[in-house]
Amino acid sequence: MVYDVSIIGSGPAGLSAAIYAKRANLSAIVIEKEYEGTGQIAESGRVDNYLGMPGISGYDLGETFREHAVKFEVEFLEQEVTRIQKEESGQFQMTFSDSSVIESKTVIYAAGASPRRADIPGEKEYVGKGVSYCAICDGSFYRGKKVAVLGGGDTALDDAAYLAGLYVIHRRKEFRGAVVTVEKLKEKENVTFVLEHQVKEITGKAKVTGVALEDGTVIDVDGVFVAFGSVPQTALVKDLVELDPAGYVKADETGETSLAGLYVAGDVRTKKLRQVVTAVSDGANAATAVAEYLK
């Protein structure tokens, strides 16, 4: 069977694309690397900024998305794609880790992006319990509390500008991020710079209580934002489509890439805001664009 569209990734973008594809009467299959996965949203302890569902856990929100797709009889395939190839016929062939293949007329690539980890003790243990990788997602939970932002690039500086009552901890004396943002932060009374220091450990009990520096100093905080940026999962398509300098696929809201028939959705594409709501929107736009393309 040749599908109308193969959707790679079962996060919010992929599931949204699948629902819209089914509504357009397209034969669609969602290819997921993990069994019944729902993407990174499942790691969020609480989601307060998805319309109509304030306070829902990320796991429950992801399950709700998946149940919606199942209700529409979306077909799922648990496989790891190792190669995407566009054939002379114009169709796409997906090769899996077990050497099996499927073919489709189009592809929506929604593999997402992963946050860069600090790789320090306590980080993994306290994810969702005080450790976060997204200030816009979780910053409101720390109103009136003290937090630490780790990093010295634009991601860290932008997060610090968004938050309040914080320590900016950077291993170097100078920042790699925008000078104008640094100057604005210096004007804020509630921002403390801790430069030329590295965090040795994130400490806590049931939740984060502090960060321990390599010189033995412990700073008491209620939350830690690891702001080292993200890594787009574009290895499979880097030789097929145009990427920006950071490795994201160049595409507008339609998800259309430089290769006809291959679309992207979610955190993997170039855009300013990477949130669950924009991922869902991307999936809808990409599936709609696919339906138009196939006409």
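Buried here means under 20% relative accessible area. By that cut-off, Pro 12, Ala 13, Gly 14, Leu 15, Ser 16, Ala 17, Ala 18, Ile 19 and Ala 21 of helix H1 are buried. The model shown in every view is predicted.

**View 1. Helix H1 is mostly covered.**
H1 runs over residues 12-23. The helix reaches 17 Å from its first C-alpha to its last, close to the 16 Å expected at 1.5 Å a residue. Nine of its 12 residues are buried. Those buried residues pack against both strands and helices. The strands are E1 (2-8), E2 (28-32), E3 (75-78) and E6 (101-109). The helices are H2 (58-71) and H6 (276-294). Just after H1, Asn 25 takes a positive phi of about 65°.

**View 2. H1 packs on H6 at an angle of about 35°.**
The axes of the two helices are 7 Å apart. H1 passes H6 in a right-handed crossing. On the H1 side, the contact is made by Pro 12, Ala 13, Ser 16, Ala 17, Tyr 20 and Ala 21. On the H6 side, Val 276, Ala 279, Val 280, Gly 283, Ala 284, Ala 287 and Thr 288 take part. By class, the residues of this contact divide into 10 nonpolar, three polar and no charged.

**View 3. Helix H5 has a buried side and an exposed face turned away from it.**
H5 covers residues 179-186, and Thr 181, Val 182 and Leu 185 are its buried residues. These three cover an arc of only 100° around the axis, so they fall on the same side of H5. The face turned away from that side carries Val 179, Val 180, Lys 184 and Lys 186, which are exposed. The buried residues of H5 pack against helix H4 (154-162) and strand E11 (191-195).

**View 4. H4 and H5 pack with their axes 10 Å apart.**
The packing angle is about 35°. H4 passes H5 in a left-handed crossing. H4 brings Leu 157, Asp 158, Ala 160 and Ala 161 to the contact. H5 brings Thr 181, Val 182 and Leu 185. The contact holds five nonpolar, one polar and one charged residues.

**View 5. Thr 95 is buried in the model.**
Thr 95 has its place in strand E5 (residues 92-96). Its relative accessible area is 18%, so Thr 95 counts as buried. Leaving out residues up to four places away in sequence, Thr 95 touches Glu 80, Val 81, Thr 82, Arg 83, Ser 100 and Val 101.

**View 6. Thr 203 is partly exposed in the model.**
Thr 203 lies in strand E12 (residues 199-204). Its relative accessible area is 21%. Thr 203 touches Tyr 126, Val 208, Thr 209, Gly 210, Val 211 and Ala 212, with residues up to four places away in sequence not counted. Tyr 126 and Thr 203 are 77 residues apart in sequence. Their C-alpha atoms are 8.7 Å apart in space.

**View 7. Val 218 contacts Val 211 and Ala 212.**
Neighbours within four places in sequence are left aside in that list. Val 218 is found in strand E14 (residues 218-220). At a relative accessible area of 48%, Val 218 is partly exposed. Val 191 is 27 residues away along the chain from Val 218, and the two C-alpha atoms are separated by 17 Å.

Glu 73 lies in the loop between H2 and E3. Its relative accessibility is 65%, so Glu 73 counts as exposed. Ser 99 lies in the loop between E5 and E6. At 62% relative accessibility, Ser 99 counts as exposed.

Terms used. Residues are numbered from 1 along each chain as its sequence is written. This is a predicted model: local features need pLDDT of at least 70, side-chain atom pairs count only at pLDDT 80 or more; totals for chains, interfaces and linings use all residues. Side-chain values use heavy atoms; hydrogens and water are left out. Buried means under 20% relative accessible area, exposed over 50%, partly exposed in between (1.4 Å probe, protein chains only). Helices (H or I, at least four residues) and strands (E, at least two) are DSSP runs, numbered from the N terminus. The arc is that of the directions from the helix axis to the C-beta atoms. Contact means heavy atoms within 4.5 Å. Axes are lines fitted to C-alpha atoms, for helices over the stretch in contact, and angles run from 0 to 180 degrees between N-to-C directions. A crossing is left-handed if the near helix is turned anticlockwise from the far one by less than a right angle, and right-handed if clockwise. Ala, Val, Leu, Ile, Met, Phe, Trp, Tyr, Cys and Pro count as nonpolar, Asp, Glu, Lys and Arg as charged, and the others, Gly among them, as polar. The expected span of a helix is 1.5 Å times one less than its number of residues.
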